[in-house]
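Q: I am new to this structure and would like a close look at one part of it. Please keep the answer plain.

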Amino acid sequence: MRAQIAQRTLRTDRWWLPPLATFAGLLLISIYAAVRTFMGDYYWVDEYRYLTPMYSPCLTEECLPNAAHFGRLLPELPGFLTPPVIIIPFLLGFRVTCYYYRKAYYRAAWMSPPACAVAEPHAKYTGETRFPLIAQNLHRYFFYAASLLLLINIYDAAFAFSTGIGLGNIVLLVNVGLLGAYTLSCHSCRHIAGGRLKHFSKHPVRYWAWTQISKLNARHMQLAWASLIFVCVTDLYVALVASGTIADLRFVN
């Protein structure tokens, strides 16, 4: 039982600041992503072959022909729906079930708990054993889907180099680098590499992979934020170039 004290907490520091900042950051990014998702425009720069990661892969009939690198395999979506709704469930599934993001939004949005040594407002706690939180156990499967989407993003970044080198190429390259580091630092990836082994000495390759992934895993929180923010930066840059608001800085044509 919780200590029988009248105060909610005896902490005197600004314990509420980290969860508040986390909530504000996630809210702003969510609003930006929602606006860009349903905008349905300015996602492809034909001259330089820049495709924003928010619309990759573009698979429906609404997609611009040159932006559909793998073909327009799906019919036109009804109503206000746009091509990103096809891939968003997988991207959100991976991020939302991520071990770090669970901690982030459990504390910031659900106040469960809001901070160390601060009582949560909920009467009881059932953990991740009941619906809907039991779905967090699907994280490994979302990891597989996110890994496939990462390979597609890498292809998009490499494909854009066929027209030369510009600032957009560098932005796309940094984006896939951060996405790759975040994906590889995932706890599920670490377990896949070295989990369920009784003797590391008998599996030197898997042990080496496990040690390298463990180094990334120690920076999982930083990589989670950096990759999430830079996806928005990349999308914004592509959108500004595609709309003609700015011109891409070219180094090699």
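Which residues in α2 meet which residues in α4?

A: This is a predicted model, in which local features need pLDDT of at least 70 and side-chain atom pairs count only at pLDDT 80 or more, while totals for chains, interfaces and linings use all residues. Residues are numbered from 1 along each chain as its sequence is written, and side-chain values use heavy atoms, with hydrogens and water left out.

Pro 89, Phe 90, Leu 91, Gly 93 and Phe 94 in α2 meet His 139, Phe 142, Phe 143, Ala 145, Ala 146 and Leu 149 in α4. Contact here means heavy atoms within 4.5 Å. Helices are DSSP runs of H or I with at least four residues, strands are runs of E with at least two, and both are numbered from the N terminus. By class, the contact of α2 with α4 has 9 nonpolar, 2 polar and no charged residues. Ala, Val, Leu, Ile, Met, Phe, Trp, Tyr, Cys and Pro count as nonpolar, Asp, Glu, Lys and Arg as charged, and the others, Gly among them, as polar.

Two packed helices are described by the angle between their axes and the distance between the axes. Helix α2 covers residues 88-96, and its axis is 8 Å from that of α4, at an angle of about 125°. Axes are lines fitted to C-alpha atoms, for helices over the stretch in contact, and angles run from 0 to 180 degrees between N-to-C directions. The two helices are therefore oblique to each other; angles under 35 degrees count as roughly parallel, over 145 as roughly antiparallel, 65 to 115 as roughly perpendicular and the rest as oblique. The crossing of α2 and α4 is left-handed, meaning that the near helix is turned anticlockwise from the far one by less than a right angle.

Helix α4 spans residues 139-160 and holds Asn 153. Asn 153 is buried, with a relative accessible area of 11%; buried means under 20% relative accessible area, exposed over 50% and partly exposed in between, with a 1.4 Å probe and protein chains only. Leaving out residues up to four places away in sequence, Asn 153 touches Pro 53, Ser 56, Val 176 and Leu 179.

Thr 183 sits in helix α5 and is also buried, with a relative accessible area of 6%. Beyond its neighbours within four places in sequence, Thr 183 is in contact with Phe 94, Phe 143, Ser 147, Leu 150 and Cys 189. Phe 94 and Phe 143 also belong to the meeting of α2 with α4.

Helix α5 (residues 167-184) packs with helix α8 (residues 220-242) as well, their axes coming within 9 Å and crossing at roughly 150°. These two are therefore roughly antiparallel, and their crossing is left-handed. The contact of α5 with α8 has 14 nonpolar, 5 polar and no charged residues.

An unreviewed UniProt entry lists residues 141-161 among its "transmembrane region" spans; such annotations may be inferred rather than shown by experiment. In the model, residues 141-161 are 95% helix and 0% strand, with end C-alpha atoms 32 Å apart.

As for the setting, the protein chain has 8 helices and 4 strands. Of its 253 residues, 42% count as buried.
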